[in-house]
Amino acid sequence: GKGLPLRILSTSNYFRKVTPVFVEARKEGLVIHSPSQRVEVARQDISRHPKFRQAVEYVASKENRIIVFLVREDARSNFYQARDFARGVGAVTSKVPLLGGGDLDLKEFFNKRR
C-alpha cells in the first residue's frame with residue numbers, strides 16, 4: 001500500500017477482557033491477521049473460505065471474542081458481506097475504518113498480547 005504504515009496498538013483496557021480476531025477488508029477481499037499467519041480470502045470466497053469460516057465459528061463459539069473488521073475506504077461491500085456472514089453465524093463484530101493506504105502493522109499489538 002501507499003502511505004504510512006497503519007499501526008494497531010494494544011492500549012485499551014477493552015482488549016484485556018476481549019480477544020480480537022482481526023480481519024482486514026480490502027478491495028480484493030479479506031485478509032485474516034493472526035500472530036502466526038496472514039490469510040488472504042478472495043471476494044467471491046468470503047462466505048465459503050475454510051479459514052474465514054473457522055475464524056467466525058471460533059468467535060461465535062467463545063465468550064469474550066470479537067471480530068474486529070479493519071475496513072479500507074474502497075472495501076465497504078466486502079466488509080458488509082463478511083460482517084453479515086459473521087453475524088449470521090453468531091459472532092460479535094466491530095469495525096475500525098482505515099484511512100489512507102499504508103500497510104497494516106499489527107506486530108506491536110500481538111507482541112503485547114503474549
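First, a definition: Ala, Val, Leu, Ile, Met, Phe, Trp, Tyr, Cys and Pro count as nonpolar, Asp, Glu, Lys and Arg as charged, and the others, Gly among them, as polar. On that scheme, the lining of the largest pocket has 10 nonpolar, 5 polar and 2 charged residues.

This is a predicted model; local features need pLDDT of at least 70, side-chain atom pairs count only at pLDDT 80 or more, and totals for chains, interfaces and linings use all residues. Numbering runs from 1 along each chain as its sequence is written, and side-chain values use heavy atoms, with hydrogens and water left out.

What is a pocket here? On a 1 Å grid over the protein atoms alone, with a 1.4 Å probe, a pocket is an open set of points with protein on both sides within 12 Å along at least five of seven lines; lining residues have an atom within 4 Å of a point. Volume is the space filled by probe spheres set on the points, which are joined across faces, edges and corners.

The largest pocket has a volume of about 380 Å³. It has 17 lining residues, and Val-21, Ile-32, His-33, Ser-34 and Tyr-58 are the closest to its centre. Two or more lining residues each come from β2 (19-26), β3 (29-33), α2 (50-61) and α4 (107-113). Helices are DSSP runs of H or I, at least four residues; strands are E, at least two; numbering starts at the N terminus.

The second largest pocket holds about 160 Å³. Of its 12 lining residues, Ser-34, Asp-105, Leu-106, Lys-107 and Phe-110 lie nearest the centre. Its lining divides into 4 nonpolar, 4 polar and 4 charged.

Now the helix pair. Which residues of α2 and α3 meet? Phe-52, Arg-53, Val-56, Glu-57 and Ala-60 in α2 contact Ala-82, Phe-85, Ala-86 and Val-89 in α3, with contact meaning heavy atoms within 4.5 Å. That set divides into 7 nonpolar, no polar and 2 charged.
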